[in-house]
Amino acid sequence: MAPPMLLSMILLLLTPVLAQARLSTRDTEPSDLTSYKQAIYLPFTKKFNSAYTPTVRGSINGKAFTFPVDTGSTGLMIGEPLLPDVDLSGDNTDQYEKGWEFLTSSSLLYNGYFVPLNITFFGTTRSRRAVSQVPVLVVQSVIKCPTYNSTTGQGVCPEGGSVKSTASPRHVTYMGVGFGRNIAGSGLNFGSPDHNPFLNIIKINGRRTFSFRTGYSVSTKGVHLGLTARNTRNAAWVELEEGATDDARDWAMADMAMKVNGGDSYAGKVLVDTGIPQMFIQPPPCITLPTVRILNPAPSSVTKYTTRVKNGTQLDFAFPDFENGVAGYDFDVGDESFPSQPSYVQPVSGRPGTYFNSGRNFLVGFTIIFDAIGGRFGLICLKCTDDDGYYE
Ligand SMILES: *[C@@H]1O[C@H](CO)[C@@H](O)[C@H](O)[C@H]1NC(C)=O
Ligand SMILES: *[C@@H]1O[C@H](CO)[C@@H](O)[C@H](O)[C@H]1NC(C)=O
Ligand SMILES: *[C@@H]1O[C@H](CO)[C@@H](O)[C@H](O)[C@H]1NC(C)=O
């Protein structure tokens, strides 16, 4: 089937073009990052796999850890048994702040104390290291609580709400590095920039940070900490709105617009979430996505049936919208030849406003960048289509 692949990932021109327009790369503005020299590359421990959250290596107090890099949450959680140097016995806890985190994807509720720790991230050689200083949620209890209300919960599972699970603090090592997540109902009450391990780097390769642009990029290969002209080359930038706190590094999720089957455009917020393989869409109340009801494939799921956006549905996305698009992509749900095809697309509800979660396969098509100083989200297209519509 040689004819032009219309279902292509595209970069939109400045002029309003339809999704199926041929691909064009837009010249990026001259880089303002030339004065920043300090950066470090953290390779992922394994080849990118759609089924798993990518991980990087590092250590805390000399003990080795493999840290997931989840852009869909914010904050580092480590089980108390994994940190023998941290003493949370008796009155020792008085000096620490109590904290919790709820991960909606797994319905797991983590409780513990925030302990300031230094986290070392490993680069490509022994001498390449980055040190981050953040309050780490040292987890003392983890329970599965499907009835937890992320808006009002305050870390407490409702009476009788917890269900049996194998979760235990002994297995907890979870790292969220996302931005714009510390909003009402996210379950990430402490997910502000001061808790984000990638935004609190104090040392690079043994030297204190002095020429360091706080921010990072994530590709399918690894992470660059610290933005430079070089590691942001060819990025198309989307301006971000201010975040929920006064922290100058706090920015809201990026803006994106969507069309379904070539219909009207709807604006919403987007989360490029390396923590999940699927895509979630919460459409505006005025539209209904074409869906099918299927037997819930999730093991031990609460509901027998679940819904999916129908295969063949054409989805079309633009950053930040179709009028001023700097990047975008469109595809038919289920088309396995599409590089950034999510494992499935599910409609969701209950969040404030229209919302999209691209899932981690987005990274196959685009490397993403968060500029915490400039308040920008960057996209470097990796699989853009050529004039004939083929992926490069
Ligand atoms: C973290 O590292 C800094 C700089 O080396 C040091 O001053 C501080 O005491 C360390 N903090 C902890 C909790 O180890
Ligand atoms: C959580 O509580 C808020 C405030 O009472 C309520 O509006 C919301 O519907 C609740 N969410 C769920 C999922 O029960
Ligand atoms: C959609 O298509 C994919 C790929 O062909 C297939 O694996 C999946 O089961 C289909 N999903 C539904 C809900 O029909």
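Of the strands that line the largest cavity, β24 gives the most, with three residues. The model is predicted, with local features needing pLDDT of at least 70 and side-chain atom pairs counting only at pLDDT 80 or more, while totals for chains, interfaces and linings use all residues. Residues are numbered from 1 along each chain as its sequence is written, chains are lettered from A and ligands numbered from 1 in the order in which they are written, and side-chain values use heavy atoms, leaving out hydrogens and water.

A look inside the protein comes first. Across the whole structure there are three cavities of 30 Å³ or more (a cavity is a set of points, on a 1 Å grid over the protein atoms alone, where a 1.4 Å probe fits but cannot get out). The largest cavity has a volume of about 110 Å³, a volume being the space filled by probe spheres set on the points, which are joined across faces, edges and corners. Its lining holds 13 residues, and Thr71, Phe179, Leu271, Val272 and Phe377 lie nearest the centre (lining residues have an atom within 4 Å of a point). At least two lining residues come from each of β16 (265–271) and β24 (366–371), strands being DSSP runs (E, at least two residues) numbered from the N terminus. By class, this lining has 11 nonpolar, two polar and no charged residues (Ala, Val, Leu, Ile, Met, Phe, Trp, Tyr, Cys and Pro count as nonpolar, Asp, Glu, Lys and Arg as charged, and the others, Gly among them, as polar).

The structure also has two disulfides, each a pair of cysteine sulfur atoms within 2.5 Å. In one of them, the sulfur atoms of Cys145 and Cys157 are 2.1 Å apart. The torsion about the S-S bond of Cys145 and Cys157 is about 90 degrees, so this disulfide is right-handed. Both cysteines sit in the loop between β8 (129–144) and β9 (173–177), 12 residues apart.

Next come two of the ligands. Around ligand 1 are Pro116, Asn118, Gln133, Lys203 and Arg208 (near means a heavy atom within 4 Å). A polar side-chain atom of Asn118 is 2.3 Å from an oxygen atom of ligand 1. Ligand 1 on its own has 360 Å² of accessible area, of which the protein covers 48% (Shrake-Rupley method, 1.4 Å probe). Ligand 3 has Val292, Asn311, Gly334 and Glu336 around it, and one of its oxygen atoms lies 2.3 Å from a side-chain N or O atom of Asn311. For ligand 3, the protein covers 43% of 360 Å².

Definitions and conventions: Polar contact = N/O pair within 3.5 Å; in protein donor to acceptor, adjacent residues only side chain to side chain. 1 Å grid on protein atoms, 1.4 Å probe; cavity = no way out; pocket = protein on both sides within 12 Å on 5 of 7 lines; lining within 4 Å. Helix = DSSP H or I, 4+ residues; strand = E, 2+ residues; numbered from the N terminus.
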